[in-house]
2 protein chains.
Amino acid sequence: MPVNFTPATPDQLLPVAGVTLGVAEAGIKKAERKDLTVIALDEGARVAGVFTKNRFCAAPVLVCKEHLASGQSIRALVVNTGNANAGTGEDGLARTRKTCAELAALLGCEAGQVLPFSTGVIMEPLPVDKIVAGLPACVADLKAENWHNAAQAIMTTDIVHKAISRQVDIGGATVTITGIAKGSGMIHPNMATMLGYVATDAKLGQDLVEAALRHAADRSFNRITVDGDTSTNDSFMLIATGKADMPEITHANSAEFEAFRDALTEVAAHLAQAIVRDGEGATKFITVEVNGGGDGEECAKVAYAIARSPLVKTAFFASDPNLGRIQAAIGYAGIDDLDVSKVQLYLGDVLVSENGGRAASYREEDGQRVMKEPEIRVRVELNRGRASTTVWTCDFSYDYVRINADYRS
Amino acid sequence: MPVNFTPATPDQLLPVAGVTLGVAEAGIKKAERKDLTVIALDEGARVAGVFTKNRFCAAPVLVCKEHLASGQSIRALVVNTGNANAGTGEDGLARTRKTCAELAALLGCEAGQVLPFSTGVIMEPLPVDKIVAGLPACVADLKAENWHNAAQAIMTTDIVHKAISRQVDIGGATVTITGIAKGSGMIHPNMATMLGYVATDAKLGQDLVEAALRHAADRSFNRITVDGDTSTNDSFMLIATGKADMPEITHANSAEFEAFRDALTEVAAHLAQAIVRDGEGATKFITVEVNGGGDGEECAKVAYAIARSPLVKTAFFASDPNLGRIQAAIGYAGIDDLDVSKVQLYLGDVLVSENGGRAASYREEDGQRVMKEPEIRVRVELNRGRASTTVWTCDFSYDYVRINADYRS
C-alpha cells in the first residue's frame, strides 16, 4: 500500500472556472473501467507542457509538442490509459492524429487545438476505433466537478489516485489550483509512466504559464525516481484559464507571480511525492537532501546516485542502516574532485559519517531507529559550495520484482 | 545457482613460476573459513593495477596506489575478505599500513613492497589484530599450487570461486596465465566489489604490463554490471614474473605482445563473465551488443542503459519479451540526436523492432522462445557509425532483493 498517503475525496477537489472534464469506459485494455478522459477548456485558456526527453518518445508526445508549437489556442486534452502508443512509428502518429480530429469534430474546434496523451503498454497498436467510439460519452459527461473521476480514469498500475486542490490569495483574489497525476514507477516504459495535469483560474501571460510550469516541474516531477528508468510518455501540463477576478500577472519578478508559482510548486510536489509513495512495491518514502554543492547539477548527481542505487534501496527495504552503501553511492556519483574527508552524512538527525569514516558519535541503534520509520530523510553535506537539491524516492522490495516480472502476464 | 558456470578444479589451475600463494583462517568475520590470502612474488616480478574510481575508495586502494607509484618492486599481495576497510578514514589507512608492515617483516621486505586488498562490509573497522595474527599461517602455507584455495579464500557473497588458466605459445615459449577473481554484487564499470588477480610468467617491460592490463580490463571487468553500483574496493592486478624462457617483449606493436594481450584478455573476460554468471540472484546471463554507433562511448551508453535498467532486468527474470522496456532504455540512454527510426533491435536472432516500431515480421512466440533461454543476446544496431561495444549483465530476481536485504544480518 502507498506510504503515508490518503487520496483526496471528491469534495476536496475544487472546480477550476473554465475547465470541464468527462470520462468514459472505452474498453481499451480492460472492460468495465473508466479509461478515457477529456479535459475541455473555455476559449482563452493558456497551456504549457513539459515532456519526456526519451528519444523513443510516444506518438502523442510528438503531436502535443507540434500542436503547442503551432500557437493555436488549446481547447481540449484527451487521455487514454491501457496503451501508451509508444514505439509504434508512423502508424502510431496517424492513430493519435485521428483521435485529435474526432474529438475536435465533437467539440467544434480544430484538430490542432487538441492535445493527446496515452499511457499503458508500449509497442502495441493504439485501439483508436475504441477510443473514437468512447469520445461522445466523454463529451456528454463534461462537467467542472469531475476531477476525482478523471484522477481515477488516468491510472494504470497506480494503487491510488493522486489529486489535490489549493487556493491562494493573490492581490485580493482567491485563485484555485487543482491537479491530478498518475504514475507508479517514474519510469515504467511498459506502462509509460507519469502524466500530470494542473489547472488554475489564475490570469497569467503565456510566458509566465511556461515559467511557472518549468519552475514547478524542476522541484517536483523532475525530482523523483522509482526505478531510474525514463519513460516514453511523461507529460506535465499547466492550464491557466484566466477566469479569476484579478489583473493579469505580467512580471516574473512580481510578488503575485511568486505567490502563484510557489502554490503551483506545492501542488506539483504533492502530486510527484504521491507517485513515489505509490511507487511499485514501495514500503518506505525516502527524501534525499544534498547541501553544500558547487552547483545544483552536482547536488543532483549525488542525490540520484543514492536514490537509484539498488543496494541502497534494498537496505531501506530491510531497515538496515547499511550506510557504507550510501557512502559508496556518493563516491561514484561523478564528482571527480570530491574531497570525501569533508563530506558529512546524516540519517534523519543522526550524524553517520564525517572525515571520510564513521562518525565517532554514531551508534548503530540510532541508525536502526531511523531506518525503521516509514519516512526517512538522508542528508548529505558536501561542504564545497552553497547549492542544494532534494529528490524523493522509495525503497526496493520483493513486490517491485513481483510487479515488474508479472505485469504483462 | 550461477548461470552455466562450472568452477575450475584444482588440477585445471596451473602454477605460475615465481608466484606462491598461502591462505589461512583469520576469523575476520566468520569462524572456520579461509579469509586471508597472501600472494608472494619472486624478485623481479612486474606488477600493474587498475582501481575503482569511487571517490570513497577504500584505504587499501589508496595504499596500493601509493606503493605502486613509489617504484619499489612488489614482493607480496595480501587480501582479506569479511571487511572492506572502506569509509574508515585515517584509522583505516593506519590499519592497512600495519598489515603491510607485518607481512613485510615476515617476508623480509619493505612495507612499501606489499600491496593490500580488502573486501567485505563497508564502514566497519578492519580487525587488523586478527589479520596480523593470521599472516604467519599464510606464509607457512605458501606454495605454487595454491591458486584454487586462494580463489576460494577471497570470496564474499560469491556462490562459486572464479579461476582459470590458459597457456599460449609466444615465440616458441609456452607462457602460462592464471587468474582468480571475486565479486557478485556492487558490480559496475570502474570496478566493483570486484577483485581480480592474474599472474603470468611472461617477460614484459613494465609499460607493456600496464598496457596489457588496461586493454584487458576495458574488455572484461569494465564491461560488466550486476546492479549499477560502483564499489569502493575494485582492483584488478596483473603480475608478470618474467620466468618464462623467452626474450623480453618490448614493443606494443609486436606479434608477441598481441598474442599475450589477447590471451590475457580472454582470461580476464572469463573471470569477468564468471562474476556476472554468479551475480547476486542471477538466473540469466545477458550479453548486450551495440553496433553502428558513432563512437564507443555512445555504444556503451546504450549498452549500459539496457544492462542496468531494473525494468529490463525484471523482464528477463520473468522470461517476458517486454521489448518496449529495452526500446525505452535505448531512448533515454543519452544520445541526444539519436534517430530512432534507424534503430534495429534484435533478441537473439529475432528482429524485434525497426522504423521506430515493432518489426512487421515479429511474432511474440519468437521473442518468448529466446527469453526462456538461460543465455540471451540483445543486439542493437544504431546504424549511425561503425563503433561497437559489448557488455554483460544478469537478470534481477527476488533473490537479488533477498540477498541484499539480508546481507548484514
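Domain bounds, as used in these legends, come from an automatic or database domain assignment. The structure shown is a predicted model.

**Figure 1. Division of chain A into two domains.** The domain assignment of chain A gives domain 1, spanning residues 10–277, and domain 2, spanning residues 285–406. Taken over C-alpha atoms, the centres of domain 1 and domain 2 of chain A are separated by 33 Å.

**Figure 2. Contact between the domains of chain A.** Ten residues of domain 2 of chain A are in contact with nine residues of domain 1 of chain A. On the domain 1 side, β9 (224–225) and α6 of chain A each supply at least two residues. The most is given by α6(A), with three residues. By class, this side of domain 1 of chain A has three nonpolar, four polar and two charged residues.

**Figure 3. The open sheet of chain A.** Five strands of chain A form an open sheet in the order β3-β10-β8-β7-β6, with mixed pairing. Each of the edge strands, β3 (46–51) and β6 (162–170) of chain A, pairs on one side only. From one strand to the next, the twist averages 15°. Within the sheet, strand β8 (residues 195–200) of chain A and strand β10 (residues 235–240) of chain A pair over six bridges in the parallel sense. Gly196(A) has Phe236(A) as its bridge partner in β10(A).

**Figure 4. Helices packed on the sheet of chain A.** Helix α5 (residues 206–218) of chain A packs on the sheet and touches β3 and β10 of chain A. The direction of α5 makes about 35° with that of β3(A). Helix α6 (residues 255–277) of chain A also packs on the sheet, where β6, β7 (173–182) and β8 of chain A are touched. The direction of α6 makes about 165° with that of β6(A).

**Figure 5. Packing of helices α8 and α9 in chain A.** The axes of helix α8 (residues 310–317) of chain A and helix α9 (residues 323–331) of chain A come within 9 Å and cross at roughly 155°. Because angles over 145 degrees count as roughly antiparallel, α8(A) is roughly antiparallel to α9(A). The crossing in which α8(A) passes α9(A) is left-handed. Leu311(A), Val312(A) and Ala315(A) of α8(A) make the contact with Arg325(A), Ile326(A) and Ala329(A) of α9(A). The contact residues comprise five nonpolar, no polar and one charged.

**Figure 6. The side of chain A that touches chain B.** Chain A has 53 residues in contact with 53 residues of chain B. On the chain A side, at least two residues each are supplied by α2 (89–107), α8, α9, β14 (357–358) and α11 (398–406). The most comes from α9(A), with seven residues. This side of chain A has 22 nonpolar, 23 polar and eight charged residues.

**Figure 7. Packing of helices α1 and α2 in chain B.** The axes of helix α1 (residues 59–69) of chain B and helix α2 (residues 89–107) of chain B come within 8 Å, crossing at roughly 55°. This angle makes α1(B) oblique to α2(B). In passing α2(B), α1(B) makes a right-handed crossing. From α1(B), Ala59(B), Pro60(B), Leu62(B) and Val63(B) meet Gly92(B), Leu93(B), Thr96(B), Arg97(B) and Cys100(B) in α2(B). Six nonpolar, two polar and one charged residue make up this contact of α1(B) with α2(B).

Technical notes: Residues are numbered from 1 along each chain as its sequence is written. Chains are lettered from A and ligands numbered from 1 in the order in which they are written. This is a predicted model: local features need pLDDT of at least 70, side-chain atom pairs count only at pLDDT 80 or more; totals for chains, interfaces and linings use all residues. Axes are lines fitted to C-alpha atoms, for helices over the stretch in contact, and angles run from 0 to 180 degrees between N-to-C directions. Helices (H or I, at least four residues) and strands (E, at least two) are DSSP runs, numbered from the N terminus. Angles under 35 degrees count as roughly parallel, over 145 as roughly antiparallel, 65 to 115 as roughly perpendicular and the rest as oblique. A crossing is left-handed if the near helix is turned anticlockwise from the far one by less than a right angle, and right-handed if clockwise. Two residues are in contact if their C-beta atoms, placed from the backbone, lie within 7 Å. Ala, Val, Leu, Ile, Met, Phe, Trp, Tyr, Cys and Pro count as nonpolar, Asp, Glu, Lys and Arg as charged, and the others, Gly among them, as polar. Two strands pair if DSSP finds at least two bridges between them.
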